[in-house]
Amino acid sequence: MAVAVVGGGLVGLATAWRLQRRGHQVQLIEAPDAPEELGGCPTALRGSRAALGLLMAQVFHRSSGRAWRLRQQSLALWSQWRHELAERGQSIPWRPGLLLLAADPEELQRQQRLLADPARRQLALQLWGRERLEALQPAVPAAALGGLYSAADGQLDAQAAMAALAADAAAAGLITHRERVAALESRARAPGGRWWLALEAGGGLEADWVVLSAGLGGNRLLEPLGLAGASPWRVEPVLGQALELERARDAEAGPQAAAAWTWPGAVSWRGINLVPRPDLANGRRFWLGATLEPGTSATAAALEGLRQLEGAAPEWLRQAREVRRWQGLRPRPVGRPAPLLEALAPGLLLAGGHYRNGVLLAPASAAWVAEQVEGASA
Ligand SMILES: Cc1cc2nc3c(=O)[nH]c(=O)nc-3n(C[C@H](O)[C@H](O)[C@H](O)COP(=O)(O)OP(=O)(O)OC[C@H]3O[C@@H](n4cnc5c(N)ncnc54)[C@H](O)[C@@H]3O)c2cc1C
């Protein structure tokens with residue numbers, strides 16, 4: 001099948017890779033950089049390039065339903081994909097472990113209920129009490145009442161994943177166009193293809209299938225088809241700011257000493273994630289993110305709230321030096337649960353609206369697309 005994937009973020013790349021490796025003829029169309037789309041802000045990155053890469057599947061707050069199933073499927077697929085890619089020389093750094101701190105008694109009870117749920121019996125989850133938290137280096141917020149630890153969730157390097165998928169797909173024959181798609185047209189009766197993708201720079205290409213994974217760019221392509229506008233497929237931006245910080249050196253230990261982290265992985269506090277980066281500056285660096293700001297404007301107040309962990313930042317965190325900051329936009333479906341995986345018309349698939357979990361959900365989304373394409377041609 002000739003498939004055109006619109007959008008080269010993580011979801012589009014994962015989809016193009018999966019289809020290409022399964023023997024389809026795939027063309028990926030990724031728009032050239034347009035600073036005005038990012039609000040002209042020098043620290044703005046496109047969606048997938050801004051992600052911290054946390055995979056939160058087993059600690060998800062529900063134990064059934066579509067979102068739960070997609071998360072479990074995706075976590076398992078990431079593991080398979082990393083091994084498959086490693087066999088062909090493409091590595092994706094993965095740091096296992098995630099500790100979700102309970103900031104109040106309700107959260108603690110929720111964690112206890114989650115662990116007691118029969119659907120999670122087989123999962124590698126543990127409840128950590130205060131003594132265990134107090135032993136951690138550096139200190140987690142003193143107000144934490146306990147925590148839910150998942151050994152199977154963790155953090156994946158999203159940029160490395162994109163590079164690995166792109167290189168491996170190219171080796172299998174993926175064609176990538178650095179172009180912006182201006183419009184989609186259905187040509188059901190034309191020979192040689194059902195969809196025409198008009199390119200902004202002129203010309204276009206034909207495909208049996210179009211997969212729309214253009215993030216926030218999807219609205220513009222769907223509206224003229226009468227599918228968006230007030231329709232259920234619209235997405236809206238939610239901005240996220242993040243920081244790379246560096247812990248102060250321990251004067252006693254000397255300038256070359258590695259920073260001690262006895263954390264079991266990334267740590268999450270009231271939806272803010274702290275991600276140790278053992279690979280950077282002798283392990284002294286870590287990522288902190290991200291704010292949740294509806295719209296496209298970043299505010300200093302939200303960044304400050306993040307920096308101070310909403311008032312709960314331990315001393316070492318308050319002392320940490322800012323190395324870099326960045327921001328990105330997440331595509332949130334309007335009035336619908338994320339993600340949007342929909343067959344919109346014959347040969348037109350939407351894989352978008354991944355909001356806060358596009359890194360986690362990219363493999364399950366790609367698998368869904370492959371099922372649609374292959375199921376229809378079986
Ligand atoms: C600060 C921050 C932290 C995050 N942390 C996490 C995390 O820890 N874990 C997690 O799972 N998720 C996280 N996310 C969310 C995640 O980044 C998104 O869900 C994900 O990037 C969505 O991927 P995508 O491929 O759908 O969209 P995008 O990455 O936005 O890609 C869409 C692509 O489509 C292209 N495009 C648009 N229109 C056109 C057109 N007309 N023609 C051609 N190309 C087009 C764009 O250039 C873009 O590259 C975070 C997001 C932010 C902002």
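**The ligand and its shell**

Mentor: In this predicted model, a backbone N or O atom of Leu360 lies 3.0 Å from an oxygen atom of the ligand. Of the accessible area that the ligand has on its own, 1,000 Å², the protein covers 94%.

Trainee: Which residue has a side-chain N or O atom 2.8 Å from an oxygen atom of the ligand?

Mentor: The shell around the ligand has 37 residues, and Arg46, Ser48, Leu54 and Tyr355 are among those that come nearest. Val359 places a backbone N or O atom 3.0 Å from a ligand oxygen. The side-chain atom at 2.8 Å, however, belongs to Glu30.

Trainee: Between which domains does the ligand lie?

Mentor: The shell has 17 nonpolar, 14 polar and six charged residues. Residues of this shell come from both 2–51 + 160–234 + 334–377 and 94–154 + 237–332. The ligand therefore lies between domain 1 and domain 2.

Trainee: Is Leu329 buried or exposed, or partly exposed?

Mentor: Leu329 is located in strand β17, which spans residues 321–333. Beyond its neighbours within four places in sequence, Leu329 is in contact with several residues, including Leu45, Leu216, Pro237 and Thr296. Buried would require under 20% relative accessible area. Because the relative accessibility of Leu329 is 21%, this residue counts as partly exposed.

Trainee: How far apart are the C-alpha atoms of Leu329 and Ala158?

Mentor: Along the chain, Leu329 and Ala158 are 171 residues apart. The separation of their C-alpha atoms is 15 Å.

Key:
Residues are numbered from 1 along each chain as its sequence is written. This is a predicted model: local features need pLDDT of at least 70, side-chain atom pairs count only at pLDDT 80 or more; totals for chains, interfaces and linings use all residues. Side-chain values use heavy atoms; hydrogens and water are left out. Helices (H or I, at least four residues) and strands (E, at least two) are DSSP runs, numbered from the N terminus. Buried means under 20% relative accessible area, exposed over 50%, partly exposed in between (1.4 Å probe, protein chains only). Contact means heavy atoms within 4.5 Å. A residue is near a molecule or strand if one of its heavy atoms lies within 4 Å of it. A polar contact is a pair of N or O atoms within 3.5 Å; within protein, one must be able to donate a hydrogen and the other to accept it, and residues adjacent in sequence count only if both atoms are side-chain atoms. Accessible areas come from the Shrake-Rupley method with a 1.4 Å probe; for residues, only the protein chains shown count as cover. Ala, Val, Leu, Ile, Met, Phe, Trp, Tyr, Cys and Pro count as nonpolar, Asp, Glu, Lys and Arg as charged, and the others, Gly among them, as polar. Domain bounds come from an automatic or database domain assignment.
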